[in-house]
Amino acid sequence: MGLQLPLEQNGNICQSLAMAKTSFSCSACGASFSKWSGRCEGCGEWNTIVEDKGLSSGGPAKKSLGLKRGRTIPLSDLSTQEDPPPRTLSGVGELDRVLGGGLVDASAILVGGDPGIGKSTLLLQAAARFARNGLKTIYISGEEASAQVRMRAQRLGLSSSPVMLGAETNLRDILTTLEAEKPQLAIIDSIQTMWSDRVDSAPGSVSQVRAAAHELTTFAKTNGISIVMVGHVTKEGQIAGPRVVEHMVDTVLYFEGERGHQFRILRAVKNRFGPADEIGVFEMTGRGLSEVTNPSALFLSDRGDPTPGSVVFAGIEGTRPVLVEMQALVAPSPHSQPRRAVVGWDSSRLAMILAVLEARCGVPFAGLDVYLNVAGGMKISEPAADLAVAAALLSAREDTALPKDTVIFGEISLSGALRPAPQTENRLKEAQKLGFTAAIAPSGGKSVTIPGLSLQKTSDLVGFVGEYFAAG
Ligand code: TYD
Ligand code: MG
């Protein structure tokens, strides 16, 4: 039998344990350590390890959240409740798709992104749409005063929308408000500004962010409220980043984009209620974010005559095909160590493609600077982009353009063989829809015919180089 202690004393024990043993956490990924070090072993970031402050003498929660203790249900009894969770659509197609088909009731969602990328703008617009669709919505800002949020809403043309506003950072006050108001959706902007009186350390520290996110998530589940938390991606170690709370929430969305570009991509990296890897594309305008329903047209620059170094990759993002332009530049290097610079793709994958081209096809890149860019600020992680990258590199190196109106995709293995990519048909259909007339893809896999599009199959990289570039 375990020792039963009154709650008060339990709190004291926690406190003395916390004082006896100091621990450290990484503010970027949340990994815990028993001693400090300069570099996090979890995520490899430097200067992100900070000391954890334990629970405060405030001890256990002052108010019970009403959780039922130890209640379990046989799995078989659940079969009667297997209906899909109820959802509400915002009416913004790009947002609803990323959420997996609308907002799930009583879910906890994290929206991460760099400061200034447009998280507050997106969520204020989303709040207005949900509110208009009949969801009682509260937007709580810990960063801006209500007047500032109102000014933003005015600029976005939303000043008459039925969203309730609050400016508050004390979590206890926020939870009390939510309990009284009983909204169906609460937006907390941002989690780094919230502070719980149950934790001693400063707002933004790993333990505060963790505790605040935990309280909010638990509150969402017990009270049937959907909660969206904003988390800034941080560079310095003292402020915890959104990765610290990723494991607590149901859905993790990242809002990405290049500051200079007007395109923004909302990407689901985790979703308990839908596919991960789904993207929604938005454009930042003078009046807020507008959705981009045909991203392929947007990621392709105006296509005139084909240029060396530029190829069009037929990719899949989540459940949707997207065409993107891959641009490469290869130039003699003045340095003893040639440069390899990549934007929007994985740099170790680039090193692998260069090595395969050199070892299997005899195309050396030694002494050459290599730059690779995915146009439009898009980030690609699909292996199917390998062949498009190889084509862009060869095309830049040989100063030879690929045939006009051609898309390309396929995975390259270390042997130089090409592997077919999933969803070939969807890729080809999208290409045909956007006026492309040819596609280069690995042989093997399902045979697909799309009217108006000639499919040129190639089985290995050596054959591909020989057919399209003089170097082979
Ligand atoms: P914001 O939503 O405040 O970013 P975050 O909450 O992620 O920090 O967006 C800030 C940027 O968006 C700012 O640089 C101005 C720009 N912006 C527009 O271009 N148009 C608009 O209508 C609004 C509201 C913001
Ligand atoms: Mg903001």
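Colleague: Where is the place of Glu411?
Modeller: Glu411 has its place in strand 20 (residues 411-412). Strands here are DSSP runs of E with at least two residues, helices are runs of H or I with at least four residues, and both are numbered from the N terminus.

Colleague: Before we continue, what kind of model is this, and how are things numbered?
Modeller: This is a predicted model, in which local features need pLDDT of at least 70 and side-chain atom pairs count only at pLDDT 80 or more, while totals for chains, interfaces and linings use all residues. Residues are numbered from 1 along each chain as its sequence is written, chains are lettered from A and ligands numbered from 1 in the order in which they are written, and side-chain values use heavy atoms, with hydrogens and water left out.

Colleague: Back to Glu411: which residues is it in contact with, leaving aside its neighbours within four places in sequence?
Modeller: Glu411 is then in contact (heavy atoms within 4.5 Å) with Arg349, Pro383, Ala384, Asp386, Ala417, Leu418, Arg419 and Pro442.

Colleague: Now the ligand. How many residues surround ligand 1?
Modeller: Ligand 1 is surrounded by 16 residues, the closest being Gly116, Lys119, Ser120, Thr121 and Gly288. A residue is near a molecule if one of its heavy atoms lies within 4 Å of it.

Colleague: Which helix supplies the largest share of that shell?
Modeller: Helix 3 does, with three residues. Helix 3 (119-132), helix 4 (146-155) and strand 13 (279-285) each supply at least two residues of the shell.

Colleague: How do the residues of the shell divide into nonpolar, polar and charged?
Modeller: Four are nonpolar, seven polar and five charged. In this scheme Ala, Val, Leu, Ile, Met, Phe, Trp, Tyr, Cys and Pro count as nonpolar, Asp, Glu, Lys and Arg as charged, and the others, Gly among them, as polar.

Colleague: What lies 2.8 Å from a nitrogen atom of ligand 1?
Modeller: A polar backbone atom of Thr285 lies at that distance. An oxygen atom of the ligand is 2.8 Å from a polar backbone atom of Lys119, and an oxygen atom is 2.7 Å from a polar backbone atom of Gly288. The protein covers 75% of the 560 Å² of accessible area that ligand 1 has on its own, as computed by the Shrake-Rupley method with a 1.4 Å probe.

Colleague: Thr285 and Gly288 both came up there; where do they stand in the sheet?
Modeller: Thr285 stands opposite Gly288 in strand 14. Strand 13 and strand 14 run antiparallel and are joined by four bridges; two strands pair if DSSP finds at least two bridges between them.

Colleague: What is the order of the strands in that open sheet?
Modeller: Its nine strands follow the order 8-7-9-10-6-11-12-13-14, with mixed pairing.

Colleague: Why is one side of strand 8 and of strand 14 left without a neighbour in the sheet?
Modeller: Strand 8 (164-167) and strand 14 (288-291) stand at the edges and each has a single partner strand, so one side of each has no neighbour in the sheet.

Colleague: Which strands does helix 6 lie across?
Modeller: Helix 6 lies across strand 6 (108-113), strand 9 and strand 10, running at about 160 degrees to strand 10. Axes are lines fitted to C-alpha atoms, for helices over the stretch in contact, and angles run from 0 to 180 degrees between N-to-C directions.

Colleague: Lastly, which residues does a cis peptide bond join?
Modeller: It joins Asp189 and Ser190, with omega about 5 degrees. Ser190 is in the loop between strand 9 (185-189) and helix 6.

How values were computed. A polar contact is a pair of N or O atoms within 3.5 Å; within protein, one must be able to donate a hydrogen and the other to accept it, and residues adjacent in sequence count only if both atoms are side-chain atoms.
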